[in-house]
Amino acid sequence: MIFNVREENDSVFLETKSEILDDSVKNEFDKLLDKFLIEGKKNFHLDLAGSRFIDTAGLQMLVSAKIKVNKNAAILEIHNISPELEFSMEELRKDLLKFVSGIYPKNLPN
């Protein structure tokens, strides 16, 4: 299990044990979030204290989670973003902006 999970009333506290927010973390988180939304939970707290790096799957996890909780009139709060994880997120954001604007990478196949 990649997450420590604790439930309190209508709140769910999920603490990642993985240093990297990648596809395996995303898959488990998506299953847990869906399960708890079906059960009617409305408040989610995601603790990222143990995470140091995020890839595109981790970013997709956060974006899709925000969309899911909004559709279910629920709340997602993210806690304890380490300086390393914040730096990783900022670098990923820069790369995505460069890609979308056509600056990077320059030699994509047609």
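Reader: At what angle do helix 1 and helix 2 pack, and how far apart are their axes?

Author: This is a predicted model, so local features need pLDDT of at least 70, side-chain atom pairs count only at pLDDT 80 or more, and totals for chains, interfaces and linings use all residues. Residues are numbered from 1 along each chain as its sequence is written, and side-chain values use heavy atoms, with hydrogens and water left out. Helix 1 (residues 23-38) and helix 2 pack at about 10°, axes 8 Å apart. Helices are DSSP runs of H or I, at least four residues, and strands are runs of E, at least two, numbered from the N terminus. Axes are lines fitted to C-alpha atoms over the stretch in contact, and angles run from 0 to 180 degrees between N-to-C directions.

Reader: Ok, what about Asp47, where does that sit?

Author: Asp47 is in strand 4 (residues 43-47). Asp47 is buried but has no salt bridge, and Arg6, the nearest side chain of opposite charge, is 7.8 Å away. Buried means under 20% relative accessible area, exposed over 50%, partly exposed in between (1.4 Å probe, protein chains only). A salt bridge needs a side-chain nitrogen of Lys or Arg within 4 Å of a carboxyl oxygen of Asp or Glu; Lys and Arg count as positive, Asp and Glu as negative, with His and the chain ends not counted.

Reader: And what's the phi of Asn9?

Author: Positive, about 55°, although Asn9 is not a glycine. Asn9 is in the loop between strand 1 (3-8) and strand 2 (11-16), and is exposed at 71% relative accessible area.
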